[in-house]
Amino acid sequence: MPTFRNPVLPGCHPDPSVCRVGADFYLVTSSFAYYPGLPLFHSRDLVRWRQLTHVLNRPGQLPLHGLDVSDGVWAPTIRHHEGTFYVVSTLAVNRRGSRTFVVTATDPAGPWSDPVPLEAEGIDPSLFFDDDGRCWFTACRDAPGEGGPGELWMRELDLERLKLVGPTHVLWNGAVRGAWVEAPHLYKRDGVYHLIAAEGGTERNHSVTAARAAHVTGPYVTDPRSPLLTHRHRGPDEPVHNVGHVDLVDTPGGETWAVALGVRPVDGTHTLGREVFLVPVAWTAAGPVFAPETGGVRLSERLPALPAAPHDPPAPALTSFEGAGPGLEWSSLRGPVDHLVRPGADGLEIEAAPEPLSGTGVPAFVGRRQQHVRFHAAARVRFAASGPDEEAGLAVFQSQDQHAGLALTADAAGAPHAVLTVREAGAGTRLAAVPLPPGEEVVLAVEGDERAYAFRVRIGDRWTGLGEVERALLSTERAGGFVGVHLGLYAQGRGDGRRALVRWFDYRPLQH
Ligand code: 6LW
C-alpha cells in the first residue's frame, strides 16, 4: 500500500485548519508573534504542501509589538463559501484572546482584506456554513460557575456586514471537562451537526472530543466515545504525542481526512514545535472514527486516494542572498524588518540595531523553522564589530528568554572574536570565544541532533568548534510557550548604520 510520511508540515506549524475548493486544498496555521502572520499553504494531495502567502502580510494589520513570542496570532480557521475565502483568528495577549477578527479574499494567494474585528470573547474561532447559507461563528471561552471550566459558544455571522448578530448560544462544556475545551469546528453529515473539539490542553493530555445535535444551535449531546483521538495514554516510546486540534476535510472522491497537531518528543522534550499530521477518518453511524485501522497518528500512513502531485516540493537547499531577499519561509519577530534587513548585491545586509533578541520589540532578525531533529545550518557572514556591544550571526531561537547564538563581535580592545552565548530563563552566559583574523568573512554553523546543538566557525578552510548547547534547553518543555525553534540571522548594536553581510544560508536535514 502506498504510504506517506507524517508530519506533512514539519517544524512549528500549530493549530492547522484546512478547506477544499474543487481539487485544491488550503491550509493555515498559527504564527504567534512571528511576522508575517498566518502562513497559508496549498496542496492537491494533502501530503505535499507549498506555501502560497501569508494571510496577514502588511505592516500595522495587528499590533505584535511587546508580545511574548508565544502570544500573537493563534489558531485560525479557513473556510470557503460562494467564491470568498474566510479566515478567522485571534490576537492573544498574556495567553488570552484579546481581539478576534475575520479576513477575506477571493484569491487565497491574496490580497487578503485588513482584519475586521468581531465582538467575540475567547480563542479558537471557527466558521460553519450551513446548507441554508447561514454562517455560524463558534469559539471557546472560560465558563462561569458550575458548567466550566470552559465552554464552546456560537453566534451567527452576518456575511454582508461581517458582524456577529443574534443571540449567543452556549453549545457544550466538553466531554472530559478536565481542562480547556477548545478548538471547536462544526460539520454537518447526513443531517447531523457534529461539534469536534480539543480537550486537555495542547500538551501531553491533548485529545479530540465530540458532541452532536439535530439542530445547529443545539442541544449538543456528548459523543460517549470521547476522546475520539488521543495519545495521552501512550508511553514514552510512542513517537508522536500531544495529538489534537483537528480540522476535517472531504476529498472529491469522498474520503475524509483530518489535519491534527502533534509533536515528536525525544527523551520527553521537543524542540520542533507542534507539527501538522494527516490522519484518515471514517464516518460511521456513531460519528467520525479517527485512524480507523490503528486508532492513532502514525509516522507512516496510507496515502489519500488523490491524484499524485506532479512533483515533490524542492528539498531544502543553500539560499544565496546575493541579489535576493529571504523567501516565504522566513519570518521576523513582531513586525516587518525591511528597514533593518535588506537584500543587496553581495548578500543580505542586516543592520546592527539596538533591539536585542531578548526583548519584546522588533530585533534585526529573520529566521526559518527548524524542521528536523538532525540538521545542519550554516551562514557565510561578514561583520566588523568595534566592541562587545555589537554582534551579528546565527541564532537558535526558541523564545526571547531561551536562545543560543554564535556571533561575530569584538572584545573591549576591538579585536574580532566569534562567541557562543546561551540565554536561559532570561539570563545570558557566554560559553566560548575564539579570536578571528581582522576583516575575515567566516562561516558560522550549527548542527543539531537528539542530544545537542553543536556550534562551529570556519575561518579560511579550518573549522573550530565552540561548544554545545543541550537540545532540551531549547525545548518547549523547558522554555514553556507554544512555538518551536527557529534558526535565524541577526545583528545587534548601536543602531549607527553598521551592518552585517550574509552571503548565503544553508539548511539541510541530516540522515538518521
Ligand atoms: C491555541 C489553543 C491552544 O489557540 O493553544 O492549548 C493555543 N491550546 O487551541 C495556541 O496554539
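Predicted model: local features only at pLDDT ≥ 70, side-chain atom pairs only at ≥ 80, totals over all residues.
**The whole chain**

Orient the C-alpha trace along its principal axes, where the protein spans about 75 × 50 × 50 Å. Next, display the surface, whose accessible area comes to about 19,500 Å². Carbon and sulfur atoms account for 50% of that area. Of the 512 residues, 59% are buried. Among contacts between residues at least 6 apart in sequence, 58% join residues at least 24 apart. Colouring by charge will show 47 positive and 59 negative side chains. The centres of these two sets lie 2 Å apart.

**The nonpolar cores**

Which residues touch the most other members of the largest nonpolar core? Select F455, L489 and F505, which hold that place among its 50 residues. Leaving aside residues up to four places away in sequence, F455 touches V396, A404, L406, L420, A445, V446, T464, G465, L466, G467 and V469. A second, separate core has 33 residues, and Y34, V69, W74 and L152 are among them.

**Two cis peptide bonds**

Continue to P111, which is placed in the loop between β9 (96–105) and β10 (116–118). Here a cis peptide bond joins G110 and P111, with omega about 5°.

**Two residues with positive phi**

Select L162 in the loop between β13 (150–158) and β14 (163–172). Its phi is near 50°, a positive value in a residue other than glycine. Is L162 buried or exposed? L162 counts as buried because its relative accessibility is 15%, under the 20% cut-off.

Go on to N242, which belongs to strand β20 (residues 241–250). The phi of N242 is near 60°, again a positive value in a residue other than glycine. With a relative accessible area of 3%, N242 is buried.

**Two exposed loop residues**

Turn to D131, in the loop between β11 (123–129) and β12 (135–142). Why does D131 count as exposed? Its relative accessibility is 65%, and the cut-off for exposed residues is over 50%. D131 and K188 are 57 residues apart along the chain, and their C-alpha atoms are separated by 8.8 Å.

The last stop is P224, in the loop between β18 (221–222) and β19 (229–230). P224 is exposed, with a relative accessible area of 77%. P224 and C140 stand 84 residues apart along the chain, and 21 Å separates their C-alpha atoms.

Conventions: Residues numbered from 1 in each chain as written. Heavy atoms only, no water. Helix = DSSP H or I, 4+ residues; strand = E, 2+ residues; numbered from the N terminus. Buried < 20%, exposed > 50% of the residue type's maximum accessible area, 1.4 Å probe, protein only. Contact = heavy atoms within 4.5 Å. Areas by Shrake-Rupley, 256 points an atom, 1.4 Å probe, with all protein chains shown as cover. Lys, Arg positive; Asp, Glu negative; His and termini not counted. Charge placed at Lys NZ, Arg CZ, Asp CG, Glu CD. Core = buried A, V, L, I, M, F, W, Y, C linked by side-chain atoms within 4.5 Å.
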